[in-house]
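Biologist: I have a model open and would like to learn how to read its features one by one. Could you walk me through a few of them?

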Amino acid sequence: MLAIFGKMWYDSCMENVVSYTDLFNENAALKAEVSVLKAENAEISSKLSWLLEQLSSNQRKLYGSSSEKSVYDQIGIFGDKLADPFADSPASPEPGPSGATPPGRPKKHGEIGSRLPEGLPVETIEVELPEGELGCPKCGDPMRVIGKEVVRREVKITPASVTIIEYVRYSYSCPPCEGASGEPANIVKPELPPQLIKGSMCTPETAAHIAVEKCVMGTPIYRQEAQWKRDGIPFTRQTMGNWIVKCSEDYLAPIYDKLHKQLCQHKFLHSDSTTLQVLREPGKPPQSESQMWVYRTSGDAEHPIILYEYQPDKKQERPRDFLSGFKGYLHTDGSSSYNGLPDDIILVGCMSHARRDFSDALRAIKNEDDRAGSLALIGRQYCDDIFKVEREAKDKSFDERYEIRNKKAAPILGKFRAWLDSVQPYVAPKSKIGGAVNYTLNQWERLIRYLLDGRIECSNNRCERSVKPFVINRKNFLFSTSVSGARATAILHSFTETAKENNLDPFRYLTYVFKTAAGINLRENEDMLVSLLPENAPESCKVMK
């Protein structure tokens, strides 16, 4: 009995052991499954957060303001407030002495004339009494003029007018040399002035007008065609396109090449690029994107140069080939297209790009309360303090700017770098703040190079401002049909933007170039080529002041 009872007890214990083992194994499996689910949930949450950031960022790009300003802009990272954004508005200024014009008071009616440039044609309308009203209302005797005054000035704008230029050529002969038959002999005809485009109706003024309307005013050629049609002028878009391509190739391209050589002789340059669609590009579908590169001089140049260059892609050899012979500092963004440049070209980063990334990260935080004290705000404030120093040094000499930067900006940059290193391990690389931190760290050596020389700029904003006119015009003309059209667009924008930077009126300057160079091969006439550079343009081409 004892043996049987013992066996039964043993079997019962073993069943309990097996049951407990199964429970233990099942519990362990459940814990492992929970751990896996938690990891998956964390990954899904991270992806969801990233997707929400991207959605918010894309919505702001489509519908929001492009300004990077916020209520935090004027708050310094070290507590020195430039201005309190929540402070009450300043009190109204005290009124000035009696009779003085208060600051900001609108000018009286008619005072606009004092702000108009000199040299504009003036049409004078004299208001006189008619003959029948010259008698004195009291005695009836005739009255005499005792003075006159300008009581009102108005501005009359006349739309572009069209004039047909007709050349009439005379023929000459010598009567004594006429033969016995009486027919004229030794007939002489004067030479006609050279034509801008042989066999066409295009004049220098017409070519300049079409170019300026497209590249300065943003009116694409198909809209110009509609305007000419309303005026009864049969200029088709194909004809006008051929005119500006021909003028660009024959007259502007040699000057462009000369400016290119001058550009590469400078020590400080800027570069950027944007997209362009070319429909008939060899080996590429019409929907593909090409590139419009922009290169320009920096703030130290006496005569600024801005050159656009069309290229089918964004490969590293594009800037390397264009900048062949250049030795110095090149301001760029973080694009890898500049990584293949030779050692003689030292790349300088753009602090504005770093600040923009922190601004985007700050905007991605929807809750206002969460923005205060966030990593995005701290990074943005570091950048703001750096630009605060730049504003202080803006109007100083290059040597003074160098001293101010190394005295005030260098300590801020040191603390900024320490902060970046401390937060990098704790931010998600694919998040907005992670992207901002990683971009700044990856570009750090280039970002701090502006401390080396007072002529180097802190950002690439100068070049971005030069890209903007083309981007605005591109929204209107949308694409270039051919490669030759894309190159002509690049050359024309180079001339109009360089003219504006040199205080020249683009229309008058292009008209001067076309009139002077009409019918002449500029590549074989170096003296004339130099005389047509923007820096040598006559006073008549300059903007009225």
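Biologist: Let us start at the surface. Which residues make the nonpolar surface patch?

Modeller: Keep in mind that this is a predicted model. The patch is made by Leu-116, Leu-120, Val-155, Ile-157 and Met-544, and its area is about 470 Å². Met-544 sits in the segment after helix 15 (526–531).

Biologist: Is Met-544 buried, partly exposed or exposed?

Modeller: Its relative accessibility is 39%, so Met-544 counts as partly exposed.

Biologist: Now the helices. How are two packed helices described?

Modeller: One gives the angle between their axes and the distance between the axes. Here, the axes of helix 12 (residues 461–477) and helix 13 (residues 483–501) come within 11 Å and cross at roughly 135°. That angle makes helix 12 oblique to helix 13. The crossing of these two helices is right-handed.

Biologist: On to charged pairs. How many salt bridges are there?

Modeller: The count comes to 21 salt bridges, taking a side-chain nitrogen of Lys or Arg within 4 Å of a carboxyl oxygen of Asp or Glu. One of them joins Arg-237 and Glu-225, at 2.8 Å from N to O. This pair links distant parts of the chain, 12 residues apart: Arg-237 is in helix 4 (residues 237–263) and Glu-225 in helix 3 (residues 221–230). Arg-237 is partly exposed at 41%, whereas Glu-225 is buried at 18% relative accessibility.

Biologist: What separates Arg-371 and Glu-368 along helix 7?

Modeller: About one helical turn, because they are 3 residues apart in helix 7 (residues 368–371). Arg-371 counts as buried at 17% relative accessibility, while Glu-368 counts as partly exposed at 43%.

Biologist: Which residues are linked in a network of salt bridges?

Modeller: Look at Arg-355, Arg-380 and Asp-384, which are linked in such a network.

Methods. Residues numbered from 1 in each chain as written. Predicted model: local features only at pLDDT ≥ 70, side-chain atom pairs only at ≥ 80, totals over all residues. Heavy atoms only, no water. Patch = residues over 30% accessible without salt bridge, like charges linked within 9 Å, V, L, I, M, F, W, Y side chains within 5 Å. Areas by Shrake-Rupley, 256 points an atom, 1.4 Å probe, with all protein chains shown as cover. Helix = DSSP H or I, 4+ residues; strand = E, 2+ residues; numbered from the N terminus. Buried < 20%, exposed > 50% of the residue type's maximum accessible area, 1.4 Å probe, protein only. Axes fitted to C-alpha atoms, helices over the stretch in contact; angles between N-to-C directions. Parallel < 35°, antiparallel > 145°, perpendicular 65-115°, else oblique. Left-handed = near helix turned anticlockwise from the far one by under 90°.
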